[in-house]
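Visitor: I am new to this structure, and I would like a close look at a single part of it. Please take me through its aromatic rings with some care.

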Amino acid sequence: MAGGGAPAKADEPQPHPPKDQLPNISYCITSPPPWPEAILLGFQHFLVMLGTTVLIPTALVPQMGGGNNEKARVIETLLFVAGINTLLQTMFGTRLPAVIGGSYTFVPTTISIILAGRFSDEPDPIEKFKRIMRSIQGALIVASTLQIVLGFSGLWRNVARFLSPLSSVPLVSLVGFGLYELGFPGVAKCVEIGLPQLILLVFVSQYVPHVLHSGKHIFDRFAVLFTIVIVWIYAHLLTVGGAYNDAPHKTQISCRTDRAGLIDAAPWIRIPYPFQWGAPSFDAGEAFAMMMASFVSLVESSGAFIAVYRYASATPLPPSILSRGIGWQGVGILLSGLFGTVNGSSVSVENAGLLALTRVGSRRVVQISAGFMIFFSILGKFGAVFASIPPPIIAALYCLFFAYVGAGGLSFLQFCNLNSFRTKFILGFSIFIGLSVPQYFNEYTAINGYGPVHTGARWVWIRNKSPILPLIQ
């Protein structure tokens with residue numbers, strides 16, 4: 001060959017060209033699917049976000065002294081506020097198809113308020129529940145100002161300008177992969193239900209479409225609906241067949257379809273309203289701790305917004321739009337405090353993963369799901385039926401959706417120079433430290449019962465605990 005150059009091998013793999021927008025997305029933000037399909041897809045988003053909405057109050061309300069009635073009311077309130085926040089975000093915030101729901105980030109700070117000594121002298125458990133709820137409301141109201149100020153003032157826009165593709169890789173990846181504690185550990189709590197759900201979901205969504213070649217995207221787009229119905233019926237048959245009659249209490253809570261206690265406790269019709277638990281109370285230490293949780297939620301939601309725009313096949317998110325979305329998320333936390341949801345608000349990571357599974361990034365679909373949230377929060381009995389889905393089924397969904405979000409962060413590697421040693425260091429060090437430091441805190445807490453930071457304030461050492469720990473024990 002002229003010039004002495006060796007000819008290229010015929011079988012040498014060619015690099016894929018980088019793409020700012022993902023191909024093969026069926027419906028992008030402004031191209032909604034037909035109404036029947038959009039309604040089914042919206043209902044699917046509602047089912048996915050329902051897992052977090054039920055898990056957090058189920059873990060926290062009993063510790064506050066509340067019973068099934070209080071738990072049902074808190075779930076309805078959290079669902080109602082999530083619907084409002086999702087509509088506000090899709091219409092005035094980033095306008096991305098992002099579901100705004102409960103967040104595990106606020107759980108440790110909430111536990112610190114629950115364990116505060118000033119509530120131990122209350123003999124009436126219901127009154128104790130209300131006092132703790134009012135304290136949580138006050139902390140959330142104060143904490144909301146952090147995101148409102150940073151978002152609407154444009155200060156977060158100055159930070160977001162530094163979010164290059166290289167920095168987006170660990171940010172978005174750890175938002176998804178960092179929630180691994182909610183994946184298979186939740187499936188294993190009732191493996192005879194969770195594992196079939198996980199296997200069936202992967203089979204229906206990934207294998208069946210490639211075998212049938214129908215071209216209608218039915219199985220991959222509605223895999224969540226198909227598999228939940230099948231496994232839910234299977235779990236109900238196990239329940240009525242007496243498979244768990246002699247099982248331990250924890251097994252029955254995880255596996256049975258009739259032990260949630262929500263259907264009997266939920267009212268037929270009820271509209272949540274602000275200050276329904278009474279006037280909020282304020283404590284400086286608790287408010288400061290909740291502001292720290294709000295800042296963590298701000299960073300996580302920034303990564304989730306990036307994943308959402310990526311899977312919705314939108315153009316790269318401008319820093320000013322991201323900052324505006326954070327501001328409206330702060331408004332969502334304010335609403336959570338006013339209504340009393342026992343938890344703050346952030347972008348639902350699992351629903352971001354559902355965008356990747358369905359390949360439908362339509363804004364209208366997510367707005368329809370917000371309508372389902374508000375509808376079933378008002379008609380409590382009907383919403384409680386879906387809230388009684390066994391937790392291992394939800395955990396199996398998390399395995400797929402959190403993996404999708406984590407992989408969405410890795411997709412930004414196509415814009416990075418992977419031949420650069422500096423790039424390798426930044427990627428490897430940030431991801432490794434992002435996984436290793438939380439593991440140190442978890443191991444230290446598991447051995448000593450408290451975190452490495454020793455102060456007289458309970459909210460400091462409780463914040464060092466894993467936010468997922470109370471939900472998987």
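Over the ring of which residue does the charged end of arginine 310 sit?

Guide: In this predicted model, the charged end of arginine 310 is placed over the ring of phenylalanine 412, at 5.6 Å from the centre of that ring. A second contact of this kind involves lysine 381, which lies over the face of tryptophan 268, 5.7 Å from the ring centre.

Because tryptophan 156 belongs to helix H5 (residues 155–160) and phenylalanine 295 to helix H13 (residues 284–311), the pair ties together parts that are 139 residues apart in sequence. Tryptophan 156 has a relative accessible area of 9% and is therefore buried, whereas phenylalanine 295, at 38%, counts as partly exposed.

Another pair is formed by phenylalanine 375 and phenylalanine 376, with ring centres 5.1 Å apart and planes at 80°, so this pair, too, is edge-to-face. Here phenylalanine 375 is partly exposed, with 43% relative accessible area, while phenylalanine 376 is buried, at 9% relative accessibility. Both residues belong to a cluster linked by ring pairs, in which Phe43, Phe46, Phe372 and Phe386 also take part.

Methods: Residues numbered from 1 in each chain as written. Predicted model: local features only at pLDDT ≥ 70, side-chain atom pairs only at ≥ 80, totals over all residues. Heavy atoms only, no water. Helix = DSSP H or I, 4+ residues; strand = E, 2+ residues; numbered from the N terminus. Buried < 20%, exposed > 50% of the residue type's maximum accessible area, 1.4 Å probe, protein only. Phe/Tyr/Trp six-rings, centres within 6.5 Å; stacked < 30°, edge-to-face > 60°. Lys NZ or Arg CZ within 6 Å of the ring centre and 35° of its normal.
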